[in-house]
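This report looks at how parts of one structure meet, within a chain and between chains. Please keep the sequence and the model in view while reading.

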Amino acid sequence: MTTTTDITSLDTPAPERRRGWRDVVLDFCRRRPLGAIGAAVVVLMILVAVLADLIAPYDPLAIDFAAMLAPPSAEHWLGTDAYGRDVLSRIIYGSQTALIVGFGAAFVGSTLGAVLGVASAYFGGRTDLVVQRFMDIFISFPLIILALAMVAILGNTLPNLIVAMTAPMIPRCALVIRSSALSIREMPYVDAARAAGFSHARIIMRHMLPNVMAPYLIMLTSFLGQAILLEASLSFLGLGVQEPIAAWGLMLRGAAVEFAETAPWMALFPGLAISLAVFAFNLFGDSLRDALDPKLRTG
Amino acid sequence: MSKTTPPLLEVRDLRTEFSTAGGIVRAVDGVSWDVHAGETVALVGESGCGKSVSALSIMGLVAQPAGRITGGRILFKDRDLLALSEEEMRRVRGREIAMVFQEPMTSLNPVLTVGRQITEACEIHLGYSEAQARDRAIEVLGLVGIPDAVRRLRQYPHQFSGGMRQRLMIAIALSCSPDLILADEPTTALDVTIQAQILDLMKDLSRQVGAATLIITHNLGVVARYADRVNVMYAGRIVERGTAREIYANPRHPYTLGLLRSVPRLDEPKRERLAPIQGQPPDLTRLPRGCAFAPRCAYAIDRCRQEAPTLQSVGGTHLSACWVADTLDGRAAAGERGTHREVVGE
Amino acid sequence: MAEDDVILEVRNLVKHFPVGGGLFGGPAAAVKAVDGVSFAIRRGETLGLVGESGCGKTTTGRCILLLERPTSGQVIFEGRDLMTLSAAEIRIVRRKIQVIFQDPYSSLNPRMTVGQMLDEPMAVHAIVPERKARHERVRELLSVVGLLPSMAERYPHELSGGQRQRVGIARALATEPSLIICDEPVSALDVSIQAQIVNLLESLQEQFGLTYLFVAHDLSVVRHISDRVAVMYLGKMAELTDRATLYAEPLHPYTQALLSAVPIPDPEVEANRQRTVLGGEVPSALRPPPGCVFHPRCPIAIEACKDAVPDCREVRPAHRVACIRV
């Protein structure tokens, strides 16, 4: 039962139509063409990885000593390596490794980092202080040094590789997210959630994390580029994936170095692939950061 | 109360718009009013009615390129301010027309000493030497009631409280003896007791130095206490104008009437329920045809929805932009509020 | 005042915020936000809590909500001291004490729809376990506060300030509370909308038998909505009595000055008023004046006012004042 004199039915017309994903994407492409190009390359890379079985002309592991060290030709578009394996196919399959390891590490790293950062900001006080100092210790090691150390300790199976790459990313992400989370914590809607008796976990996951989406996405995209580079570096140093798996960094090792002058295509094309991938992620990430920046205020 | 001398400031048919994502917002939509030397005029209205934008337009501080003054004239001492170049306008700002803003926290430069902020204006506008400007600064700090002026000159804004900072803003405004002071919600951010101090100060000072004041606010009480004449704004237009007494005793626009009725008063017996204005503040990108207030108006007739009313006289200097102004009896509505009682607190 | 009717009693509430000092050293100083405040609220009434910035009224509200942990004192809700409850018990009590915040723009989670915001408390506290029933209840809550049920699909940024505040009120009602702390619920709204929301709060109080602690600085609104009013200054309570008495015969000099400072929307009345303008500034809560905190600005202060902090004691029936001159 309501007293109608007091209740004034107040309909504000809803905005014309909600901005759907398509609008957002089109807008992004129009305003930031460089970022769109970066995004397009990323999408291309993902497609290549997913459709590898269909588009790769050869089995990347197929050895063919008859065709070894062959320069680019009609049969082998990018030439062959010291074992006669088709470079193009190895690059195509290498994208899978890059994406699995790269995406996996970056995604897990930034997500765990975000949760840690938000939780640290939420609990505040001594907990926050201790966690921060811990993070500081990890951050003081450059990405690759820490990853190297962890691989050396854990051994270099693929899962261990992902863990080793994730570890240095967590504290970096936690630090950045924490500062956004600190201002969210002061918001009345967080107070309202506390006053409603919600658990800490619920407040962190449901009320704070969704509101740090902007810095989270930015960290994620920047880590993606770094993760690919990291994986390539580790593989190059022999601490990443092992032969005969197709991985770009691995392709730069050993015979590629030995035959650098006589068969430059062995190193050139994987190198290009790495550069292009990292460049694309960085372009996209930069534009994303610019696009999200003003919205960082409104969350 | 007609003035035979020309007004100090005369705004004629001012139009200011903003381009926003949602469309063009006509923040000020054909507004005309004036201020005579020495008087206090109020622009009253709620958020979005265009009162602040009017003041910014006068000062030439409308944020470009989104904001544009698209029409009208602003005659100040016989010059059209809109026709002045930026250079010439700069000489007017601070020297002849001074502005006091709402937020004393952000309107003062945190990295300059207070003294510097006052003397800067004097040096630039009046060509004072350092020593002369300093003397003037001390004088003006005394005028606004800040003790120990010599020491205070060397301090920074963060060392002052909110009320003191607002006094500083007033001091800066007065330092070059302007003819007109624009005060945009000067006390909204302050506590009630400090508000009373500051407003009393502004009134005394403007009388002392002979400056006219344009006070912009949404607080009906403040207007009643300090304004000589009042302009009520809604959706970028002036809907009612008159002396303070006329407007409050006999409101002749449904919006003014609604506002006065919906505000609880300390000096009246407690009413059962407040009488709010129905509906929502207007969406400035989608104003209806006809009177902007019609959707919320209890007295609206068909004509109101077809044709936008213009300001017409409803008795001497009292004007209202309403087709039913004649039938609206503000006195009866005022009488509903109960007989005048002894004011509380004495 | 019948004892059994009291829903909330605050006894000697103190909240100091430490300032300065390091991780291992003690704090250098403390902001004495609330410094020994006591009052009680009866079920079904509205207690107005007024004062200017820095007086501690918001902090008092937050202590009752346990959003801040009081430094000392007791907060007794329905006979139980909240400070002695376990975390699990507090969670249950939280259903009964809710809050409405001042700023409609930051008091709603921008990432949740209105429907989700109203659904959540009911789901978490298992007040309405089935989803369909909750959905119905959400629609009910929306109409009770004067919104269209279809607004459940909207996000906060698609609503106006007044509508958002209504959502905030609906959210507070979702757990079926007995006490609602209203922290400046209308100060951030336009004047024409304020009256709507005030009326809404009053109808809801009648409809659901709610008790309000109405924290505000706008004395006219407080007078309209409150049954009793308490005035705070610099962390202490200056005066507490029923509404009519406070506004007609205020005894504490601060209350008198405060009422005098409020402008009344009537130029005739204003021109004929005798006003006492209070000079000076509010002192810092870091170093409050000794004795009566108001004495430096008080028009009737005497030597003795510096010596001891006056008790907020009952000088007339149901009228407490903290002043030795009364």
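Are H2(A) and H13(A) parallel, perpendicular or oblique to each other?

## Two helices of chain A

In this predicted model, helix H2 (residues 33-50) of chain A packs against helix H13 (residues 265-292) of chain A at an angle of about 135°, and their axes are 7 Å apart. H2(A) and H13(A) are therefore oblique to each other, and H2(A) passes H13(A) in a left-handed crossing.

On the H2(A) side, the residues that make the contact include Leu34(A), Gly35(A), Ile37(A) and Met45(A), while those of H13(A) include Leu276(A), Phe281(A), Phe284(A) and Asp286(A). By class, the residues of this contact of H2(A) with H13(A) are 13 nonpolar, three polar and one charged.

The domain assignment divides chain C into domain 1 (3-20 + 28-96 + 177-321) and domain 2 (108-176), whose C-alpha centres lie 29 Å apart. Between them, 10 residues of domain 1 are in contact with 10 residues of domain 2.

On the domain 1 side of chain C, the largest share, four residues, comes from helix H6 (residues 191-208) of chain C, and the residues of that side divide into eight nonpolar, one polar and one charged.

Conventions
Residues are numbered from 1 along each chain as its sequence is written. Chains are lettered from A and ligands numbered from 1 in the order in which they are written. This is a predicted model: local features need pLDDT of at least 70, side-chain atom pairs count only at pLDDT 80 or more; totals for chains, interfaces and linings use all residues. Axes are lines fitted to C-alpha atoms, for helices over the stretch in contact, and angles run from 0 to 180 degrees between N-to-C directions. Angles under 35 degrees count as roughly parallel, over 145 as roughly antiparallel, 65 to 115 as roughly perpendicular and the rest as oblique. A crossing is left-handed if the near helix is turned anticlockwise from the far one by less than a right angle, and right-handed if clockwise. Two residues are in contact if their C-beta atoms, placed from the backbone, lie within 7 Å. Ala, Val, Leu, Ile, Met, Phe, Trp, Tyr, Cys and Pro count as nonpolar, Asp, Glu, Lys and Arg as charged, and the others, Gly among them, as polar. Domain bounds come from an automatic or database domain assignment.
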